[in-house]
Amino acid sequence: MSETTLYIQHFNEESRPLDYYLSKMNGYVAAKKALSMQQDDIINEVKKSNLRGRGGAGFPTGMKWGFIPKQSTKPKYLVCNADESEPGTFKDRDIMRYTPHLLIEGMVIGGYAIGSSIGYIYIRGEYTREAKLLQAAIDEAYAKGYLGKNILGSGFNFDLTVHRGAGAYICGEETALLNSLEGKRGEPRVKPPFPAQSGAFAGPTIVNNVETLADVPFIINQGGEWFAKLGKLEKSGGTRLISISGHVKKPGVYELPAGGATIRQLIYDYCGGILNDRKLKAVIPGGSSAPVLTADEIDVIYDIEPLMKIGTMMGSAAIMVVSEDYCVVKLIKRITKFYAHESCGQCTPCREGCKWMEDILHRIEDGHGRDQDLTMLLDIADNINGKTLCALGDAAAGPVTSFVKKFRADFEAHIRGGKCPSA
Amino acid sequence: MAKVLSEKFYAEMKKLEPRYPTKVALLLPALHQAQEEFGWLPPEAMDEVGVYIGIHPAQVREVASFYTMYNLKPVGKYHLKICTNVACCLRGADELVEHCEKKLGIRCGETTLDKKFTLAEEECLGACGTAPAMMLNDDYHENLSALKLDQLLDGLR
Ligand SMILES: Cc1cc2nc3c(=O)[nH]c(=O)nc-3n(C[C@H](O)[C@H](O)[C@H](O)COP(=O)(O)O)c2cc1C
Ligand code: FES
């Protein structure tokens with residue numbers, strides 16, 4: 001485990017102040033370098049780095065930045081997605097509370113690269129402490145000339161504002177986030193136009209996850225090629241912050257080279273195995289929106305493509321581990337209740353379908369399930385999947401389909417026995 | 001209309017105004033600030049926010065009602081929000097909720113008669129590695145157990 005890590009050694013309270021950042025983390029050296037580079041050269045460096053968005057979709061960051069129309073005369077915006085609302089995910093919180101200047105520096109560089117002088121950090125409302133810590137770091141940066149007018153004598157201006165959400169999972173979806181930033185209900189927009197064309201306040205906009213932006217100073221300091229080589233697989237550069245929770249002995253945030261371990265290694269070598277040495281039942285590998293894996297499927301390398309190949313996803317790199325003593329029917333009911341609660345209600349398949357799935361799962365768990373319920377669940381999920389404006393619908397459907405298919409016997413036992421077999 | 005929002009509210013908003021290209025973008029910050037003053041969003045406060053921003057009162061409510069953190073009804077002095085999402089449930093959140101309901105004599109969503117405690121179930125708080133987690137007003141409490149919760153609550157009574 002002597003692999004290069006970028007973050008984890010700094011994840012403690014002492015790392016927060018600007019002094020630490022300057023003396024121990026090469027603070028604002030990358031910004032100084034970037035502000036003397038051509039914008040396209042920065043974007044190329046990020047392309048070379050194979051940095052892929054850490055928010056969930058894994059979209060190549062350099063390519064995304066390249067979509068900003070240069071000739072546009074409208075103000076451009078750089079928005080950091082700090083909503084961190086995908087259940088199971090808690091890594092961005094550590095970046096914001098321990099190394100906030102990494103994020104600020106990444107945004108200065110990103111802003112310069114896309115020609116934006118206005119940045120927002122949209123942080124979930126519950127993170128009040130983190131919002132205050134971020135604001136304190138931003139104040140430090142303004143005082144020292146790393147933010148504001150004529151940054152480091154370069155002539156480049158960049159203003160950064162912390163904007164608090166108010167409790168809505170859907171505001172993690174980038175177009176819902178932009179509506180929320182504009183003072184509206186957090187309802188996703190019809191795409192196209194994509195944010196790069198028309199985003200915040202109808203200006204060209206880039207939305208990036210906290211970790212994505214915090215990776216940028218490393219790329220500028222050490223080079224895109226170096227960053228790309230940190231990753232163990234061809235297409236994924238850098239390291240990944242992985243949130244691991246549930247029934248493991250040592251839950252927490254782990255940092256590994258992208259594609260640096262299998263799920264089995266993560267659970268047994270890094271997290272010390274299953275709580276009380278019980279048997280493994282299920283793994284949710286990419287936040288609660290990811291289709292579930294059984295205990296037989298965990299020898300997969302933990303990265304975007306390998307997981308996609310076996311029908312699930314890495315999402316926000318959040319692994320939830322479930323041991324055999326927990327009822328999987330109860331689990332998927334709880335997950336589905338979440339999506340039913342968080343559906344913004346714009347699209348009928350999602351608004352109605354999630355509620356129906358929740359009701360059916362509820363009655364199965366309660367022992368009142370009917371023979372046709374499993375077919376009906378799969379049918380409803382199928383009618384949601386791919387038929388909604390945003391990916392919340394898919395996020396609700398995928399887990400239901402996978403739980404029913406992979407743990408069918410557990411559902412049938414509930415229906416036949418008229419109660420939870422383990423109750 | 002008599003004003004209910006304080007000087008501080010208007011001073012905070014003045015500071016934020018130059019940060020946004022439109023005034024409507026101040027709606028979420030304004031509602032947060034208003035809620036800070038009352039602990040919830042009384043209708044008069046929402047109306048005044050609407051006047052300040054220059055939008056219809058219905059538009060304020062349409063937005064306020066979308067977000068779970070805005071309290072459209074008064075809440076107790078101590079607002080307990082226990083996360084019952086996946087990771088917390090795997091670590092015993094359900095038992096914690098039950099424990100609290102018994103201890104406080106109320107169900108989730110209710111407030112004690114003395115207006116001291118409001119109990120609520122919350123979705124994932126982003127503290128799953130230190131589950132079970134909850135919020136007490138603005139503060140996180142993590143790695144909870146019934147014992148820890150008792151100590152916390154007894155300290156508040
Ligand atoms: C329902 C839903 C919730 C999402 N929640 C988050 C979130 O909490 N944080 C985040 O960074 N991205 C989230 N995303 C992904 C964003 O839409 C977007 O892809 C991302 O912020 C882009 O940044 P990246 O390219 O740096 O990953 C969510 C997407 C969906 C469909
Ligand atoms: S599931 Fe409770 S904090 Fe994430």
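Let's start at the end of a helix: A:Gly223 follows α9 of chain A, and its phi is positive, near 100 degrees. Keep in mind as you look around that this is a predicted model.

At the other end of the helix sits A:Asn209, which caps the N-terminal end of α9(A). One of its side-chain oxygens lies 2.8 Å from the backbone nitrogen of A:Glu211.

## How covered is α9?

Helix α9(A) is mostly covered, with eleven of its 13 residues buried.

## Where α6 meets α9

The axes of α6 (residues 100-114) and α9 (residues 210-222), both in chain A, come within 7 Å and cross at roughly 75 degrees. An angle from 65 to 115 degrees counts as roughly perpendicular, and α6(A) and α9(A) are therefore roughly perpendicular to each other.

From α6(A), the contact is made by A:Leu102, A:Leu103, A:Glu105, A:Gly106, A:Met107 and A:Ile109. On the side of α9(A), the residues taking part include A:Val210, A:Leu213, A:Pro217 and A:Phe218. Sorted by class, the contact has eleven nonpolar residues, one polar and one charged.

## A four-stranded sheet

Chain A also holds an open sheet of four strands in the order β3-β2-β1-β4, with parallel pairing. Strands β3 (159-164) and β4 (205-209) stand at the edges with a single partner strand each, so one side of each has no neighbour in the sheet. From one strand to the next, the twist averages 20 degrees.

Helix α6(A) returns here: it packs on the sheet and touches β1, β2 (118-123), β3 and β4 of chain A. The direction of α6(A) makes about 145 degrees with that of β1(A).

## Strand β1 and its partners

Strand β1 (residues 77-82) of chain A runs parallel to β4(A), and five bridges join the two. Among the pairs, A:Cys80 has A:Asn208 as its bridge partner in β4(A), while the partner of A:Leu78 in that strand is A:Ile206.

Strand β1(A) is mostly covered, as six of its six residues are buried. A:Tyr77, A:Val79 and A:Asn81 point one way from the strand, and A:Leu78, A:Cys80 and A:Ala82 point the other way.

The side chain of A:Lys281 makes a polar contact of 3.0 Å with the side chain of A:Asp410. Leaving aside residues up to four places away in sequence, A:Lys281 touches A:Leu293, A:Thr294, A:Ala295, A:Val322, A:Ser323, A:Glu324, A:Val328, A:Phe407 and A:Asp410.

## A look at chain B

The C-alpha trace of chain B spans about 50 × 35 × 25 Å along its principal axes.

Of the 157 residues of chain B, 52% count as buried. Among contacts in chain B with a separation of 6 or more, 61% come from residues 24 or more positions apart.

How values were computed
Residues are numbered from 1 along each chain as its sequence is written. Chains are lettered from A and ligands numbered from 1 in the order in which they are written. This is a predicted model: local features need pLDDT of at least 70, side-chain atom pairs count only at pLDDT 80 or more; totals for chains, interfaces and linings use all residues. Side-chain values use heavy atoms; hydrogens and water are left out. A polar contact is a pair of N or O atoms within 3.5 Å; within protein, one must be able to donate a hydrogen and the other to accept it, and residues adjacent in sequence count only if both atoms are side-chain atoms. Contact means heavy atoms within 4.5 Å. Axes are lines fitted to C-alpha atoms, for helices over the stretch in contact, and angles run from 0 to 180 degrees between N-to-C directions. Angles under 35 degrees count as roughly parallel, over 145 as roughly antiparallel, 65 to 115 as roughly perpendicular and the rest as oblique. Ala, Val, Leu, Ile, Met, Phe, Trp, Tyr, Cys and Pro count as nonpolar, Asp, Glu, Lys and Arg as charged, and the others, Gly among them, as polar. Buried means under 20% relative accessible area, exposed over 50%, partly exposed in between (1.4 Å probe, protein chains only). Two strands pair if DSSP finds at least two bridges between them.
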